[in-house]
Amino acid sequence: MEKLMILCLLCTLCIAYAIRDNVLTLNADPPIVNGLSWTFYQKSCPKLESIVKQRIDFHLKQDITQAAGLLRLHFHDCFVQGCDGSVLLDGSTSGPSEQGASPNLSLRKKAFEIITDIKSHVDKACGVVVSCADVTALAAKESVRAAGGPQYRVPLGRRDSLKFATQNVTVSNLPAPFFKATTLISAFAAKNLNVTDLVALSGGHTIGIAHCTSFTDRLYPTQDTTLNKSFAQRLYTTCPSKTSPNTTVLDIRTPNVFDNKYYVDLMNRQGLFTSDQDLYTDSRTKAIVKDFALNQDLFFHNFAVAMVKMSQLNVLTGSKGEIRSNCSASNLQTSTIDIIEDVIDSYASFM
């Protein structure tokens, strides 16, 4: 009887996903948005994914911590007006960019530089045919792989936005570290992401760091009762005041490895953010946390499913948007800057 139960469990997992050539293949892929495709660049840029992989491997061999920065960049892009590369845009005369909004101030400068580097290599090989939004999605995927996480595929064909969101819109769309499960569930539901997606995507906190100011509300003026006491003492040492500028790792067990130890942290009351630990406190998410803590393959599968779903949020396809030549500026803005520079050069030559 026990052998039969184990066999049934294995069969269930086989139905859910398969691994082929070390790549996680979802047998029940989430629906693909019209305009996206698994083979979008097959003719126009056949070496796209290998170029992205090579550049990610190059950068992450120098600093594996950049994996978290690239994953977070993709998340912050998608949750604000969709996966359209708008987070990459610099500010303009129309106002400050998404990068100036408080949740984005801690986005890693190096992550933006890596996206720019990848885009330049892709454009050199294929011409300006691949969007910055697609480069960002692929960079996140390859970063997860390089850090030890699941390998999966994402549909491509996103186009870049012409403008960025206001800072108010940016702040209102990004889940805050002090959110509890109820607020998180509502925020994710607004993006058509379910409770399992929420818990799986939160597992991205298995890599990366956080600034003290994002969680010291759990230490000062009084200690959060859901915090493990010895873990809390460690945090007090790192963050001696509520406004300390210091940082600490999100996952105390394997901070630079993409695995399921984040969920083990939660079960031991060692989640860093309120938004992390409350997933184990709330009855609607607690069982999922347990399942992922006990079964890394199950976590990897659900993370891949959730990433594919998230990567299609409000995408621009077809004739909407554009394919930017410079990820930090719209093509119109880039052209205007080039014209101004030409005029200045001509004037300097005349003088």
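The disulfides of the chain follow the pattern 1-4, 2-3, 5-8, 6-7, where the bonded cysteines are counted along the chain. There are four disulfides in the structure, a disulfide being a pair of cysteine sulfur atoms within 2.5 Å. A disulfide is a covalent bond between the sulfur atoms of two cysteines. The model is a predicted one, in which local features need pLDDT of at least 70 and side-chain atom pairs count only at pLDDT 80 or more, while totals for chains, interfaces and linings use all residues. Residues are numbered from 1 along each chain as its sequence is written, and side-chain values use heavy atoms, with hydrogens and water left out.

Some totals give the setting. The chain has 14 helices and four strands; helices (H or I, at least four residues) and strands (E, at least two) are DSSP runs, numbered from the N terminus. Of its 351 residues, 49% count as buried, where buried means under 20% relative accessible area, exposed over 50%, and partly exposed in between, with a 1.4 Å probe and protein chains only. The accessible surface of the chain is about 16,800 Å², and carbon and sulfur atoms hold 57% of that surface. These areas come from the Shrake-Rupley method with a 1.4 Å probe, and for residues only the protein chains shown count as cover. Among contacts in the chain with a separation of 6 or more, 75% are between residues 24 or more positions apart; contact means heavy atoms within 4.5 Å.

The individual disulfides can now be taken in turn. Cys78 is bonded to Cys83, with 2.0 Å between their sulfur atoms. The link of Cys78 and Cys83 is right-handed, with 120° about the S-S bond. Cys78 counts as buried because its relative accessibility is 1%, and Cys83 counts as buried at 0%.

Another disulfide joins Cys132 to Cys327, S to S 2.1 Å. The torsion about the S-S bond of Cys132 and Cys327 is about -95°, so this disulfide is left-handed. Cys132 lies in helix H5 (residues 132-146) and Cys327 in the loop between H13 and helix H14 (331-350), so the pair ties together parts that are 195 residues apart in sequence. Cys132 is buried at 0% relative accessibility, and Cys327 is buried at 6%.

H5 has 15 residues and spans 20 Å from its first C-alpha to its last, close to the 21 Å expected at 1.5 Å a residue; the expected span is 1.5 Å times one less than the number of residues in the helix. Of the 15 residues of H5, 14 are buried, which leaves the helix mostly covered.

Cys212 is in the loop between strand E3 (209-211) and helix H9 (229-238), and Cys239 is in the loop between H9 and strand E4 (247-249), so the pair ties together parts that are 27 residues apart in sequence. Cys212 is buried at 0% relative accessibility, as is Cys239 at 0%.

Helix H12 (residues 283-294) packs with helix H13 (residues 296-310) at an angle of about 115°, their axes 5 Å apart. The axes are lines fitted to C-alpha atoms, for helices over the stretch in contact, and angles run from 0 to 180 degrees between N-to-C directions. On the H12 side Asp291, Phe292 and Leu294 take part, and they meet Gln296, Leu298, Phe299 and Asn302 in H13. The residues of this contact divide into four nonpolar, two polar and one charged. Here Ala, Val, Leu, Ile, Met, Phe, Trp, Tyr, Cys and Pro count as nonpolar, Asp, Glu, Lys and Arg as charged, and the others, Gly among them, as polar.

Ala293 is also found in H12. It is buried, with a relative accessible area of 12%. Leaving aside its neighbours within four places in sequence, Ala293 is in contact with Asn260, Tyr263, Val264 and Met267. Tyr263 is 30 residues from Ala293 along the chain, and the C-alpha atoms of the two are separated by 4.9 Å.

Ser275 belongs to helix H11 (residues 274-281). Ser275 counts as buried at 7% relative accessibility. Not counting residues up to four places away in sequence, Ser275 touches Ala176, Pro177, Phe179 and Leu184.
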